[in-house]
Structures are given as C-alpha cells and as structure tokens.
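Please keep the sequence and the 3D view side by side as you read.

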Amino acid sequence: MAAQAPAQAAKVLNPALNPRTVHFWAPVLKWGLVIAGASDFYRPVESLSVTQNVALFCTGTIWTRWCLIIRPQNVPLAAVNFFLAGVGSVQLGRIGLHYRSLKKQEKEHPVMSEIAKKTTT
C-alpha cells in the first residue's frame, strides 16, 4: 500500500487533461473553428461554401466517434467535434433550403429567374 502512494500522488498532480498536454490544447484550439462556423450564421446564404461546411460536418462526425473509441477517451475533444458537426449540418441545411427555394422560384416564375441570372452574371 505504501508503494502505491507515490504513483497515486503523481496521478493527482499530473492529470491527463492539463495545460501541458495535447489533450487540453486540441479542444481549446478547435473551439476557434466552431466559433468561426457559428459566426457564419449571420452571413447571407449565397456567400457560404458548400465544400467548407461539408468538411466541417465530416470532420466533426468522424472525430467525435474516434474521440470516444480511443483510450484515454478525450471527452472535451469529442464535445467540440460534436458542436463542429452541428455547425456544419446547420449551415448545410441553410444552403439546401436556399437552393430548394431557388428551384421553386424558377418553376413558378421562369421569366423572372432568367432576368435574375442575367443581372448576376
């Protein structure tokens, strides 16, 4: 029992999640991606990038899963990746709804959509 005391003390003084490890800094820095993606909620849909948001969504979903499979589990990194996937999916939903409304408008008013295309190009 006395031989285990130094090992237990070292565990208490050096936890797996502290500022001296990548397990701490990876989630902290990745929150920047979540904040940048969330700040795009206020941008017009026409200026959003489909490929960027697909990348955010895929990265978030893949790494959320892997953060929970690997040992030691990095729950803070899994949480930030979950929110990254959420931001990407919300933006992709906005883009999809915008394209659907454009298609609907084109069917209802074909002449007006042709005029709109000519003025934007």
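Thr64 is buried, with a relative accessible area of 16%; buried means under 20% relative accessible area, exposed over 50%, and partly exposed in between, with a 1.4 Å probe and protein chains only. You will find Thr64 in helix 3, where helices (H or I, at least four residues) and strands (E, at least two) are DSSP runs numbered from the N terminus. Leaving aside residues up to four places away in sequence, Thr64 touches Ala78, Asn81 and Phe82, a contact being heavy atoms within 4.5 Å. The side chain of Thr64 also reaches the backbone nitrogen of Phe82 at 3.1 Å. That pair falls under the heading of polar contacts: N or O atoms within 3.5 Å, where within protein one must be able to donate a hydrogen and the other to accept it, and residues adjacent in sequence count only if both atoms are side-chain atoms.

A word on the source before going on. This is a predicted model, in which local features need pLDDT of at least 70 and side-chain atom pairs count only at pLDDT 80 or more, while totals for chains, interfaces and linings use all residues. Residues are numbered from 1 along each chain as its sequence is written, and side-chain values use heavy atoms, with hydrogens and water left out.

Stay with helix 3, which covers residues 50-69, and look at Ile62. Is Ile62 buried or partly exposed? Ile62 has a relative accessible area of 47%, so it counts as partly exposed. Together with Trp63, Trp66, Ile69 and Ile70, Ile62 forms a nonpolar patch on the surface, with about 490 Å² of accessible area in total. Patches are made of residues with over 30% relative accessible area and no salt bridge, with like charges joined within 9 Å and nonpolar side chains (Val, Leu, Ile, Met, Phe, Trp, Tyr) within 5 Å. Accessible areas come from the Shrake-Rupley method with a 1.4 Å probe, and for residues only the protein chains shown count as cover.

Next comes helix 4. Pro76 lies in this helix, which runs over residues 75-108, and is partly exposed at 34% relative accessibility. Pro76 and Val28 are 48 residues apart in sequence, yet their C-alpha atoms are 8.7 Å apart in space. The buried residues of helix 4 include Leu77, Ala78, Asn81, Leu84, Gly88, Ile95 and His98. His98 has a relative accessible area of 16%, so it is buried, and its contacts beyond four places in sequence are Val45 and Glu46. How does the length of helix 4 work out, and what span should its 34 residues have? At 1.5 Å a residue they should span 50 Å, and the end C-alpha atoms are 49 Å apart, which agrees; the expected span is 1.5 Å times one less than the number of residues.

Now for charge. The structure holds 1 salt bridge, in which the side chains of Arg43 and Asp40 meet at 3.5 Å, N to O. A salt bridge is a side-chain nitrogen of Lys or Arg within 4 Å of a carboxyl oxygen of Asp or Glu. Arg43 is partly exposed at 34% relative accessibility, whereas Asp40 is buried at 11%.

Finally, step back to the whole chain. The protein has 5 helices and 0 strands, in the pattern α-α-α-α-α along the sequence. Of its 121 residues, 21% count as buried. Among contacts with a separation of 6 or more, residues 24 or more positions apart account for 72%. The protein exposes about 8,800 Å², and carbon and sulfur atoms supply 70% of that area.
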